[in-house]
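Colleague: Could you take me closely through one part of this structure, the nonpolar surface patch, and then through the charged pairs that accompany it?

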Amino acid sequence: MASSLPTRRLSSAQTLASRLPPLLLSAQQIAASVSLGSHGRRRSGPGEDFWQFRPYDRSDSAQAIDWRQTAKAERAYVRDREWSGAQTVYLWRACGPGLDWRSAPQVPTKQDRCDTVLLALAILLHHGGERLAFLATGSSDLTAARACNTPASIAARMDHAAPPAADIPPALALPHAAAAVMIGDWLAPFETIEPALRAVAERGVRGHLVQVLDPAEDAFPYQGRTRFDDPSHTMPMLTIGRAEDLRAAYQYRLNQHQAALADLCRSLGWTFTRHHSDQPPQRVLTALYQTLTLPLTHGGRR
Amino acid sequence: MMDLGSLAFGAPLALIGFAALPVLWWLLRITPPLPRTQVFPPLRLLVGLAETSPTSAHTPWWLLVLRMVALALALIGLAQPILSPESLAVRQRPLLVVIDDTWSAANGWSARQKALAALLDHASTQQRPLAVLTTAPPVDGTAVTLQTFETANAAKQALSELRPKAWGSDHRAARMAVEHALSASTASSTTLLSAADVVWFSDGLSSQHASTPDAMADVTAAPAETQALAEVLQRLGSLTVRIPQPTQATNGSLSPLLVVAPQRLPDGVRVMVRRPVGLDSPDSTRLEALDEQGRALASADIAFASGQHLAEAELRLPSDGVNILSSLRLAPASGEVPGAGGVFLLGDHWRHHPVGLLSSGGTQTTAGGSLLAAETYITRALPPEVPLFQGPLEALLQHPIQTMIAVDPLLDEHQHAALSRWVQNGGVLIRFAGPTLAAQPARDRLQDDLLAVPVRSGNRALGGSLSWTPPLSLSGYPPHSPLTGLPVPKDVTIRTQILADPSAAIASGADLDRRTWATLSDGTPLITGAPVGHGWVVLVHTSADPSWSNLPLSGLYPAMLTRLVGLGRNATTAETGAGIGAGAQTLLPPAQDLNGLGRLVAPSAFTRPLTLSDPQAAPEVQAPHHPPGLYGQAGQRVALNLGSLDRPLPPLPSFRSGVTVTGLTAQASPSTDLRPPFLLAALLLLVLESVLTLALRGLLPRLKPHTTGGIRAFLLLGLGLSLAGFPSNARAADSLSVIDALATRLAYIATGSPTLDATSAGAMRALSAAISARTAVSLAEPVALQPGRDDPLFFPLIYWPIQDDSALLLVTPERIQQLAHYREQGGLLVIDGQGPDSEPAVAAVVEALGLGTLSPLPKDHVLNRAFYISALLPGRANGSVWIEPPENRLDGVSTVIAGTNAWGQAWAKDDKGYPMFPMISGGERTRELAYRSGVNILLYALTGTYKADQIHLPSLLERLPQ
């Protein structure tokens, strides 16, 4: 099969590449529909626009004193500019056979939805002047992540041939001034998710978790005698006599899992958003964008 | 066998399977239906949960019941249930079937075979050992023996080949065969016949093989042998005699009928039919008189009055019609075959009475076709089919002639004596007057016993320059004359005659008036005749050439001669008798056998030449070496018939008590085999079960509204199509309509064999297409001619493929007549044997159709160049081709082409246009040549000898004025 491997990879790369422009395009369209326009950060910081005059503090350097304003009064004033400095947003999304699944043909696969949301967010952020970094699955290198800083390159990287499957982010401690957006189905065991997230949040990065689920994964519409199979075929198949009997127990478990995730995020100061692949992506995108761009109201260091 | 009242099981062991049903129930109950597989990424979340829910899924109870019922039905079906109203006792007693496979069983043979098959089926389900005894002596001359069969199926196989023989039964030999088998079985360990049930399919007659001929004469004594056989059979066990009951026949009874020798009448034939003596009920049948081509020339209904066992009827036929009869054949309305007894062959002596022409004065030099020679006129006047021998008296008497025409003979004493001896023995002498007779000395004339009346010397000339009397015309025929009824033309004038001598007639005691057969207008006789011994002497008082009268130039002359020659036929009563002039010992080789079904076939290897020691005694049918049929050389064939010896048919004796006599359908309510309905029901239930299982597993496609709409539309379409198909079928089932006849098209005979018919259809279609493409002929779709229904008259060519002897089954009297009529109208019959192996079958069909002798296709025949230059009509196989000799036809166009070249296989193409058969040799080039054969054959059928006429084209062109 050695000879056929490059062929297979090439063909899968081709299918992926053919998916790329539509993906980028749909992401652009989605991003355009949620674009809020260019705006300041509504707080002082490095920037060009005037923000406020404030009394001189000893921590300010002497060069910061606005002498013209100081001359009008007795106190020394410092001219604050509106903070327009860009933050780095680290983007990650899960990929793997478990995501490449949908319950019905009219629903996009979870992978599609993850990629679309991530790319659309990247476009939005790029327009907003933020710095982007893409944590590709399988890479543990922050510089490589930071090198991937445009939506196009992210898209290219995303569709790089056969990315290794990963359903939890790499345990990289991200710099504290950064933000992280992590999209996936988060169906891995909580015991593996927790240390990874804690490692990421070690330096106090602000994180946003998005859980993309297929509606069937939530509703569990199966009934009758069913044999359940893992998409990656790593687990033994599970045959259940009456699938409908298991619905309540399953949903309870899923809720437990989601609650644990939400609790973890809260303890890290992160946000946790749930999304179904049959919902329009704009909602989750708007919510993400706003939490990313609006000033922090709680916690977090300035 | 297992017997449960009226329900019995052929294989009750299969019922043991019911014991396994509860086990199956349990197994099916705990075996859940196969789950469907669902890919589910959050499988991990389910893992712990699975144990909390019970996994045993039950098959729905109704599905279980369905499966059980299906299995039970299958088990019952496999046990071979048989529903029979009569109790089927466990009978291991062997069954002895006695069959009278005689000529008298041919009438109703199909009913007999059906009953026999039913009986064997019955025996097969009972697994009884079987023995079969056929009472007619076997063809190969061996003794009548008892055959035993292990299984009824083997017997069935053997008996399906059984055909009635053309002779009667030998119950004495049959009894001896049974006794022999009994003694043999006691000697060996087999106890087959120690106790057996006997079923005897009787032909309704007692044994016709009596030990002495004298015993045969007494009808009441004849059944003794049959009685003895019945007693022996009854001693074995039970005896059931099965004969066709009169009530069974819808039209006419199935009792044996025997056509006996007919009698000639002046205006037809009197035919007689016998039936067994004991029958009382009125009965009727139909008898046809056929010519050599198998065409019915006349037919009559023959009715037996109550209590009468000999019925007769008269067939009205003109005398030349009588002369060309070749056989009499019963044509029962029920469509049964007449059998050998229902056919009476008329030998060549009936039709062709050889006529000898004695030339005048022995001077052969004038007989060179001169218009002045009397022979010319006589030869032309005689019917063309009459064999004519010419020559001096000594040579003539060597031939088996019955009529001799002597044109003014000059005989020496020796010849005279020989001739009168011949007349005394039954010969008919037709003598013409002439100069020799006129010049005969009076002494000789008075002693001449070869004159019907004494005549005066010299001749009487009328209308000459020395006579006052004008030439005399014919006035008429006395009522006793055999010439009565002939026209009296006014323009016949007699100029010279020999006068009868009334005084000498009175002196010799001859009644001149009684002997006068035709008179002139002055009352003098023109023709006189008198019986002499067994024969006749006829004198025409004028000459045979036009020198004395213009009688030889008139239309009366041939008619008169035909009547007079016919005297010779009336003279001999026994048609089967040999020629009068035959020698003491005549060895007649077999020419054709009449088989038991009443059909002429090639003589079997066991038929021996017939020896006629006494020409007057009719020969007798002797099984198996002298079956009925035709013996002798062509033109002098002697017919041997079952009815030659006219004697009463001995009926069955009255059996002792204990013998059951039933009809052929005695088992009015035969057992019903319930196997098919049970197995079918089981199969249907299993299909239903699998559909339901699929539905339960969700594997059936969900029927969405538009899908069901589509299915509904599809079903409606199918229904509509099938409905639309019906009228077309009805149209096809119609007999040929007028529309079929409007276009020129090929026709083929539907044989009933699907493969052969498909080949024929493909061949005709492909050939029609080829002909339409290559020639100016445009042909419509070919049609299939159904046997006995469709008239072939509208088609230029009829194709008949022949595979094997089964084609003979299609040769029915109606078909023979149809084809004869068709050929008469100029149609062409193409008989296509499927390869050289089929040659005997082709020959048999040609024989059965009465197509006469075919000759090999000559190299220079028009068929070889009717369109293409072809060599002997090649086909797929390398066979041979025969045609009807063109000289047999007035127009020189043969109406029969028979070959074994398998043309049809070469022509045949399937619906897609691919050849159905690969060529044996030569590849597609040979196929092309075969198509050329077909084109030639059709163009020959359409244009006849047109191409042959073109041979003369160069000379015609030369004669044209330049």
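**The nonpolar patch and the salt bridges**

Modeller: Leu696(B) belongs to helix 19 of chain B, which covers residues 675-696 (helices are DSSP runs of H or I with at least four residues, strands runs of E with at least two, numbered from the N terminus). The model is predicted, so local features need pLDDT of at least 70 and side-chain atom pairs pLDDT 80 or more, while totals for chains, interfaces and linings use all residues. Residues are numbered from 1 along each chain as written, chains are lettered from A and ligands numbered from 1 in the order written, and side-chain values use heavy atoms, without hydrogens or water.

With a relative accessible area of 44%, Leu696(B) is partly exposed (buried is under 20%, exposed over 50%, partly exposed in between, with a 1.4 Å probe and protein chains only). Leu696(B) contributes to a nonpolar surface patch of about 900 Å² together with Val23(B), Trp25(B), Trp26(B), Leu27(B), Trp61(B), Trp62(B), Val65(B) and Val69(B). Such a patch takes residues with over 30% relative accessible area and no salt bridge, joining nonpolar side chains (Val, Leu, Ile, Met, Phe, Trp, Tyr) within 5 Å and like charges within 9 Å; the areas are Shrake-Rupley values with a 1.4 Å probe, only the protein chains shown counting as cover for residues. Helix 1 (21-30) and helix 3 (61-78) of chain B supply at least two patch residues each.

Arg67(B) and Glu689(B) form a salt bridge, with the closest N and O atoms 2.3 Å apart (a Lys or Arg side-chain nitrogen within 4 Å of an Asp or Glu carboxyl oxygen). Because Arg67(B) is in helix 3 of chain B and Glu689(B) in helix 19 of chain B, the pair ties together parts 622 residues apart in sequence. Both Arg67(B) and Glu689(B) are buried.

In another salt bridge, Lys165(B) and Asp101(B) meet at 2.7 Å, N to O. Lys165(B) lies in the loop between helix 5 and helix 6 (171-187) of chain B, and Asp101(B) in the loop between strand 5 (95-99) and helix 4 of chain B, 64 residues apart. Lys165(B) and Asp101(B) are both buried. Arg172(B), Arg175(B), Glu179(B) and Glu225(B) are joined in a network of salt bridges.

In chain A, Asp66(A) pairs with Arg79(A) in a salt bridge of 3.5 Å between the closest N and O atoms. Asp66(A) is buried, at 14% relative accessible area, whereas Arg79(A) is partly exposed at 37%. Over all chains, the structure holds 22 salt bridges.
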